[in-house]
Amino acid sequence: MIIFGTKGYLYQLAILTLVCGQCGNPSAHTLRKRVTKFTLFFVPLFPFSTKFATQCTFCGAEQKVTKEQAEQLQAQAAGGAQGGQQPYGQPQQPYRS
């Protein structure tokens, strides 16, 4: 008898302030990585699916992004945005009274 299956893992890579494409509000977005791994006898062996997405903390809308976009957003969150190009969205400064 062989027991096999899958198990999902969710990693939070960064939190960015972007303008939401759904609600239009400048709010925090979490950049997440979802990895699905093949398991044999409940031991995760290798990943066979990796997906990236951002989720708006204001309205909850989730948008899929490519691996390249996720890497650029992660670099932007670390303060390493180069050349002034923002491929996904314009970062917004927090509101000041």
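Me: In what order do the four strands of the open sheet stand?
Reply: The model is predicted, so that local features need pLDDT of at least 70 and side-chain atom pairs count only at pLDDT 80 or more, whereas totals for chains, interfaces and linings use all residues. Residues are numbered from 1 along each chain as its sequence is written, and side-chain values use heavy atoms, with hydrogens and water left out. Strands are DSSP runs (E, at least two residues) and helices likewise (H or I, at least four), both numbered from the N terminus, and two strands pair if DSSP finds at least two bridges between them. With antiparallel pairing, the open sheet has the order β1-β2-β3-β4.

Me: Which strands stand at the edges of this sheet?
Reply: An edge strand here has a single partner strand, so one side of it is left without a neighbour in the sheet. That applies to β1 and β4.

Me: By how many degrees are neighbouring strands of this sheet turned against each other on average?
Reply: Axes are lines fitted to C-alpha atoms, for helices over the stretch in contact, and angles run from 0 to 180 degrees between N-to-C directions. For neighbouring strands of this sheet, with direction ignored, the average turn is 30 degrees.

Me: How many bridges join β2 to β3?
Reply: Strand β2 covers residues 26-40 and strand β3 residues 43-56, and the two run antiparallel. Within this pair L31 stands opposite T54, while in the hairpin, which has two residues between the strands, F41 takes a positive phi near 55 degrees. The number of bridges joining β2 to β3 is 12.

Me: Which residue of β4 stands opposite F52?
Reply: Four bridges join β3 to the antiparallel strand β4, residues 62-65, and the hairpin between them has five residues between the strands, among them G60 with a positive phi near 85 degrees. In this pairing Q55 stands opposite E62, whereas the residue opposite F52 is V65.

Me: At about what angle does helix α1 run to β1?
Reply: The elements of the chain run β-β-β-β-α from the N terminus on. Helix α1, made of residues 67-77, lies across β1, β2, β3 and β4, where a contact means heavy atoms within 4.5 Å. To β1 the helix runs at about 50 degrees.

Me: Which side chains meet in the salt bridge?
Reply: A salt bridge is a side-chain nitrogen of Lys or Arg within 4 Å of a carboxyl oxygen of Asp or Glu, and a search of the whole structure finds one. One partner lies in strand β2 and the other in strand β4, so the pair ties together parts that are 28 residues apart in sequence. The N to O distance is 3.9 Å, and the side chains that meet are those of R34 and E62.

Me: Is F4 buried or exposed?
Reply: Residues count as buried under 20% relative accessible area, as exposed over 50% and as partly exposed in between (1.4 Å probe, protein chains only). By this scale R34, at 40%, is partly exposed, and E62, at 47%, is partly exposed too. F4, which has its place in strand β1, residues 4-19, has a relative accessible area of 60% and is therefore exposed.

Me: What percentage of the residues of the protein chain count as buried?
Reply: Among contacts between residues at least 6 apart in sequence, 49% join residues at least 24 apart. Of the 97 residues of the chain, the share that count as buried is 22%.
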